[in-house]
Amino acid sequence: MSICEVLAVLYEGVMNVDPGNPQKEDRDWLVLSKGHCGPALYSALAYKGYFDIELLNTLNQNGTSLPSHCDRLKTPGIDLSTGSLGQGISLGIGAALGNKMKGLDNYVYIIIGDGELQEGQVWEGIQFAAHRKLDNMILIVDCNKRQLDGYTNDICSTFDLGVKFSAFGFEVQKADGKDCGDIYRALMDSKQISKSIGKPTVVLLDTQKGQGCSFAEIASFNHYMVVTEAMAEEAICEVERRLQKALEKEQTDIEKEGQGR
Ligand SMILES: Cc1ncc(C[n+]2csc(CCOP(=O)(O)OP(=O)(O)O)c2C)c(N)n1
Ligand SMILES: [Mg+2]
C-alpha cells in the first residue's frame, strides 16, 4: 500500500506506455524490484487498461496470470520478473544500459524497498549505474521504515540514505510518498535534472507501510494481513473519504488562485 500513490502518478502522469502495445520498444519501463508488491502494480496496470479489472479477483489463485510476485511471462505490462530481493535493481540497471546502447530516449523506473537496501548486490548496482552515467533511470526507494518482521532501523539500519546515495554518485530527490502532487514534482524534476547533469537519480519517498488504511498502518505486524469483508469495506470507505477531502481541497485551491488573479 505504500507504493500505490507513486504507481498512480507514474502510470497516469509520467510514464510513456501503451497498454495496447505493452512491448513497444521505446516505452518507459517499470521494474518492481520489491517484487512482492505485485498486487499494487496489477491494480495500476488494470486501471491503465492493460487487462480487465475483474482479473484482479484471481490474484494468487491456481492458474492465474497475476501471481503474488511479478512475472513478465504471465502478466501484460510487467517488464521484468522480480521477487528475489536485491536482484530487480540489477535487472533494471541492465535494461537502462541496454536502452542507452540502442539509442532509445526512454526511462527505466525502478522501485526498491528500504529493507531491500540491506542486500549487498543493490550497492554494486548503484555504483555501476553511477559509473556508467545512466541518466535514463530513476530509482525510487519506498522508505516505509518497516520490512517483513519489524522496523528497518532495528533490524539493520539504512543510515542516512541521502548521504549514501550522493556518495555513490547519484542525484538525490526527496518526496512525500502520500502526496501525489509532491511525487509528481519530484519525478519530473528528476527526469530533467538527471539529463542535464548526466547522472542517475534516486527519489527517496517518505511513505508508511499500510498507507492510507488506518488499521493497517497501526498494526504491529502488517507485512500481510487477513482482511475480512468488513475490514475491506472500512478500508475502501477510508480511501474514498480521503479522496473526497483531497478533491475538495483542490477545488478550494483553484478558487483561491482565481480570486488572487
Ligand atoms: C532475497 C530475498 N530474501 C527474503 C525475501 C522475503 N521477503 C519478502 S518481502 C521482505 C521484506 C522486504 O522489506 P522491504 O524491502 O522494506 O519491503 P516492504 O516490506 O517494506 O514492502 C522479505 C524479507 C525475498 N523476497 N527475497
Ligand atoms: Mg520497507
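1. A quick term before we start: a crossing is left-handed if the near helix is turned anticlockwise from the far one by less than a right angle, and right-handed if clockwise. Keep in mind that this is a predicted model, where local features need pLDDT of at least 70, side-chain atom pairs count only at pLDDT 80 or more, and totals for chains, interfaces and linings use all residues. Residues are numbered from 1 along each chain as its sequence is written, while chains are lettered from A and ligands numbered from 1 in the order in which they are written.

2. Have a look at α3 (residues 87-101) and α4 (residues 120-131): their axes sit 8 Å apart, at an angle of about 20°. The axes are lines fitted to C-alpha atoms, for helices over the stretch in contact, with angles running from 0 to 180 degrees between N-to-C directions. So α3 and α4 are roughly parallel (angles under 35 degrees), and α3 passes α4 in a left-handed crossing.

3. Who touches whom here? Gln87, Ile89, Ser90 and Ile93 of α3 meet Gln121, Val122, Gly125, Phe128 and Ala129 of α4, contact being C-beta atoms, placed from the backbone, within 7 Å. That set splits into 5 nonpolar, 4 polar and no charged residues.

4. Now α1 (residues 4-14) and α2 (residues 38-48), whose axes come within 10 Å and cross at roughly 30°. That makes α1 roughly parallel to α2 too, but this crossing is right-handed.

5. On domains, the chain is divided into domain 1 (4-213) and domain 2 (226-261), with bounds from an automatic or database domain assignment. Their C-alpha centres lie 26 Å apart.

Key: Helices (H or I, at least four residues) and strands (E, at least two) are DSSP runs, numbered from the N terminus. Angles under 35 degrees count as roughly parallel, over 145 as roughly antiparallel, 65 to 115 as roughly perpendicular and the rest as oblique. Two residues are in contact if their C-beta atoms, placed from the backbone, lie within 7 Å. Ala, Val, Leu, Ile, Met, Phe, Trp, Tyr, Cys and Pro count as nonpolar, Asp, Glu, Lys and Arg as charged, and the others, Gly among them, as polar.
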